[in-house]
Amino acid sequence: MKIITDERCTSYSRPGHPERPSRISGTLARLRSQSEMALSWAEPTEAKDAPILRAHSPELLASLDKPYDFDADTPYYLEIAAHARRSVGGALEALKSARAGEPAFSLMRPPGHHATRNQAMGFCYLNSIAIATLEAHATGAKRVAVYDFDVHHGNGTEAILKDTPGAAFFSIHQFPCYPGTGSKNVGNNCFNFPVAPGTPRMEYRRILTEALEGLKRFEPDIIAVSAGFDAYARDPLANGTLEAEDYFWLGESFRKLGIPFFSILEGGYSDDLPELIFAYLKGIDGK
Ligand SMILES: [Zn+2]
């Protein structure tokens, strides 16, 4: 399994912001100190304009260079454009790895699934998973499925991929919750699985399974996973009930599908994030 990361993504922060550098640095320390899995490592390059502009407007891309906050959650940071481009680059590298037969996890920030075509929001600047999905499609994949298990609805991914031929979006998320969307299906290819706050763990898992069954029926030739770990029982941002073993189970579930897939980090704000990612990767690894 390949881990794609670049430590420069830990070099920006704002005091008190939950989307913080230790999410990555703590996970890196955990992965470097383990010997249970054989990991290979790669660094992403900054994504170029062409793949980004399939998903975003030129205006949004240009606005990343201007020193203005998008909203309170999504501030301007020095060089945020380069950080966001490298995070997209991680997703594109992960796609490449999956196609070459090696599952990959892009361990980068900022996350991306709330960014719409024209709007950076919810800690997200460029929508890495949507960009990688459109790239896969433009370079030969016939059917690409996105599975998003972040506790928040991937509104940006949905808005970008809605009614795109050969793409399907499956999101399992708490509702009601930020950003307020995702209560029902949208277009002909966006399938939403809202979960009420505090839904017991095994019921949450049943809903994840239901979404997975829908994904299988779509018969994708590649799967892009928006891996957010904030449906965890002790995450500070939502009211999920999942435990580390559920993330192991998710990783195992993707492996067992036998379809090339890659994952990118979205949310996950608990101090236990490194253990949750480790459990997910162990499930993918399967040894
Ligand atoms: Zn989230």
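Mentor: A crossing is left-handed if the near helix is turned anticlockwise from the far one by less than a right angle, and right-handed if clockwise. The model is predicted: local features need pLDDT of at least 70, side-chain atom pairs need 80 or more, and totals for chains, interfaces and linings use all residues. Residues are numbered from 1 along each chain as its sequence is written, and side-chain values use heavy atoms, without hydrogens or water.

Trainee: Which residues of H5 meet H4?
Mentor: Contact means heavy atoms within 4.5 Å. From H4 come Ser 87, Val 88, Ala 91, Leu 92, Leu 95 and Arg 99. Facing them in H5 are Ser 128, Ile 131, Ala 132, Glu 135 and Ala 136.

Trainee: How are H8 and H9 placed to each other, roughly parallel or roughly antiparallel?
Mentor: Helix H8 spans residues 244-257, and helix H9 spans residues 273-285. Their axes come within 6 Å and cross at roughly 30°. So H8 and H9 are roughly parallel.

Trainee: Is H1 parallel or oblique to H9?
Mentor: Helix H1 holds residues 22-32. Its axis comes within 8 Å of that of H9, crossing at roughly 50°. The crossing is right-handed. H1 and H9 are therefore oblique.

Trainee: Which residues of H9 does H1 meet?
Mentor: H1 brings Arg 23, Gly 26, Thr 27, Arg 30 and Leu 31. In H9 they meet Leu 273, Pro 274, Glu 275, Ile 277, Phe 278 and Leu 281.

Trainee: What spacing do the donors of the zinc ion follow?
Mentor: Donors are N, O and S atoms within 2.8 Å of the metal (3.2 Å for Na, K and Ca); water is not among the atoms, so sites may look incomplete. Asp 150 gives two OD entries, His 152 gives ND1 and Asp 230 gives OD, at 2.0 to 2.7 Å. Along the chain the spacing is D-x1-H-x77-D.

Trainee: How many residues apart are Asp 150 and Asp 230?
Mentor: Asp 150 sits in the loop between strand E4 (144-148) and helix H6 (155-161). Asp 230 sits in the loop between strand E7 (222-227) and H8. The pair links distant parts of the chain, and its separation in residues is 80.

Trainee: What is omega for the bond from Phe 175 to Pro 176?
Mentor: Pro 176 is in the loop between strand E5 (167-174) and strand E6 (190-195). The bond is cis, with omega near 0°.

Trainee: And what is omega between Arg 109 and Pro 110?
Mentor: Pro 110 lies in the loop between strand E3 (104-106) and H5. Its peptide bond with Arg 109 is cis, and omega is about 5°.

Trainee: What is phi of Glu 79?
Mentor: Glu 79 is in the loop between helix H3 (58-63) and H4. Glu 79 is a residue other than glycine, yet its phi is positive, near 65°.

Technical notes: Axes fitted to C-alpha atoms, helices over the stretch in contact; angles between N-to-C directions. Helix = DSSP H or I, 4+ residues; strand = E, 2+ residues; numbered from the N terminus. Parallel < 35°, antiparallel > 145°, perpendicular 65-115°, else oblique.
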